[in-house]
Amino acid sequence: LYPSADRELAQSVGSRHDYSDTHAVKALVAFQQGDYDKGVQETEESLNRMPDNQMALYNMGYYAAEMGDDRTALRYYLKVEPDYESGNAMLKTAYLHMKTGELKKAEESLLRLIKMQPRNAAVHFGLAEVYTKGFRFDEAIQLYHDVLKEPGKMSYRMDDEEKGVDIPKVEQSLEYVKALKEKYQVAISAMEKGRSFEGHRTLAEIYITIGNLEMAEKELKASLNNTDDITPAELLLGELYQKLGKDQEAEEIYIRLLRDKNSASLNVLVGAGTFYAKTLRFKEASELFQLALKRRSRETGIMDHENPSPPPFFKGGPRGDLQVEKNPGDQQIREYLDWSIKLKKLLENSEQLKRSSHPIDAALIKADVYVSVGRKQDAIRELEHTLATDPDHRVLLKALASLYKTQGYPYWKRTIETYRHLLSLNENDADAWRRLGEFYYTVIHDYENALLCFQKSMSMNPKQEGAKKIRATIEKLQQYVNLHKEK
């Protein structure tokens, strides 16, 4: 109930308005509504009055991490006392160390915490992850066995509630580590038998699985120097370069692999095709998918009668990771081809509109193309650049708000500001009120503002689509708000 919290803070009287905790609570309210800058300002005010204010230090660390500022997050978390918030600061510090590859520091934090909280399952899981990333698989396996031995005595906190151990998930994690251990043993065995190219490539696959892309790159490069058949390693390296944002290096790989298109493997054709699609070169992508379809037909002698396959990675539009299906079937390749042809036409339409002095329509279409290939940040830049020429264009504002709300905490404030801007242009926009209400309700969990927005939306358009569900949500929110205000 953030508006109520704001009102109560505004009524602080006497010397209390200047207490460190008052500013710490103000910071928390600001942070939780997406106003990071105001949260930082109030945190500084709090810490000026009490440098070891645990609430202020912890929340500053938490929201700095949410903004992606890991260095700042670590600086504040390291000042939090070990037992504050059930040791969560130490746990989050360990994960930040893991993220930056400092496994030793992560291990030290978790070992210290596990002595304090031997029944905290989250600490066991974190330490198991450290050991897995360090290829210390037996130690990780032992930790999972320890949890499964007495799961009833283990728990962890989530959203201020004690949660029991999810045994199936722990068992799944255990099998995952066992599989990695087995794969690691295969890699070492290959090295010992003189097949270093196979060993390096297998190690690279393990590094990709555990998220260490830099080490994966090193292993793949090493494998290229130890075999005549470099195609599988180069194909994997091309995909890896895309994950690392090294498009130029990825393109150099695909150019080499496509020197003789007629002899290129199916995986090479599809992998290169997805790369060209991601970089908006749909003509080249379509040609490669067509060639892949012909190759597939020649190899199988079948054109139209394959059994249905699982949906391709971009069923209805690709995910940002652009994972290529290995050995795709006819149905999948056809969908790849249809998708690239459709986006090629859209991009051509966008360019034509731009030439004929319709920059807004052109930008909206191009943004859709960017989204379809998993490049939402480029879509946002395209729309923001165009919005600068017409800051009150409602369609652009709605498109931007819809994108902002998919981009996590750093975009919360921009999402709210964009919807508020729309409503300042037309306060009777039922759709904007509803969308803002949904954002408050499902993302920020600001139930008072969500209730207000839904009520406004229904008063403007009581027969809108989904009206029954909105009315039920309004009733639920009214009961919640009234109950907690009475408390």
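Mentor: Start just after helix H13, where Gly 245 takes a positive phi of about 75 degrees. Helices here are DSSP runs of H or I with at least four residues, strands are runs of E with at least two, and numbering goes from the N terminus. This is a predicted model: local features need pLDDT of at least 70, side-chain atom pairs count only at pLDDT 80 or more, and totals for chains, interfaces and linings use all residues. Residues are numbered from 1 along each chain as its sequence is written, and side-chain values use heavy atoms, with hydrogens and water left out.

Now the helix itself. H13 covers residues 231-243, 13 residues in all. From first C-alpha to last it reaches 19 Å, close to the 18 Å expected at 1.5 Å a residue. The expected span is 1.5 Å times one less than the number of residues. Of its 13 residues, 10 are buried, so H13 is largely enclosed by the rest of the structure. Buried means under 20% relative accessible area, exposed means over 50%, and partly exposed lies in between (1.4 Å probe, protein chains only). Among the buried residues of H13 are Glu 234, Leu 237, Gly 238, Glu 239 and Tyr 241. Their cover includes H11 (196-210), H12 (213-224), H14 (247-257) and H15.

Follow H15 next. The largest nonpolar core has 131 residues. Such a core is a set of buried Ala, Val, Leu, Ile, Met, Phe, Trp, Tyr and Cys residues joined through side-chain atoms within 4.5 Å. H15 gives the most to this core, with 8 residues. Leu 258 and Phe 282 touch the most other members. Leaving aside residues up to four places away in sequence, Phe 282 touches Tyr 276, Ala 277, Ser 340, Leu 343, Lys 344, Leu 347, Val 369 and Val 373. Contact means heavy atoms within 4.5 Å. In soluble globular proteins, nonpolar side chains tend to be buried together.

Leu 280 lies between H15 (266-278) and H16 (282-300). Its phi is near 65 degrees, a positive value in a residue other than glycine. Most residues other than glycine have a negative phi. Leu 280 is buried at 14% relative accessible area. His 445 also has a positive phi, about 60 degrees. His 445 sits in the loop between H22 (430-444) and H23 (447-460). At 40% relative accessibility, His 445 is partly exposed.

Finish with the rings. Phe, Tyr and Trp rings (the six-membered ring of Trp) pair if their centres lie within 6.5 Å; planes under 30 degrees apart are stacked, over 60 edge-to-face, and the rest tilted. The count comes to 19 aromatic pairs. Tyr 63 and Tyr 409 form a tilted one, 5.2 Å centre to centre with 45 degrees between the planes. That pair links distant parts of the chain, 346 residues apart, with Tyr 63 in H4 (residues 54-66). Both tyrosines, Tyr 63 and Tyr 409, are buried. Tyr 447 and Tyr 480 have ring centres 5.1 Å apart and planes at 80 degrees, so their pair is edge-to-face. Tyr 447 is in H23 and Tyr 480 in H24 (residues 467-486).
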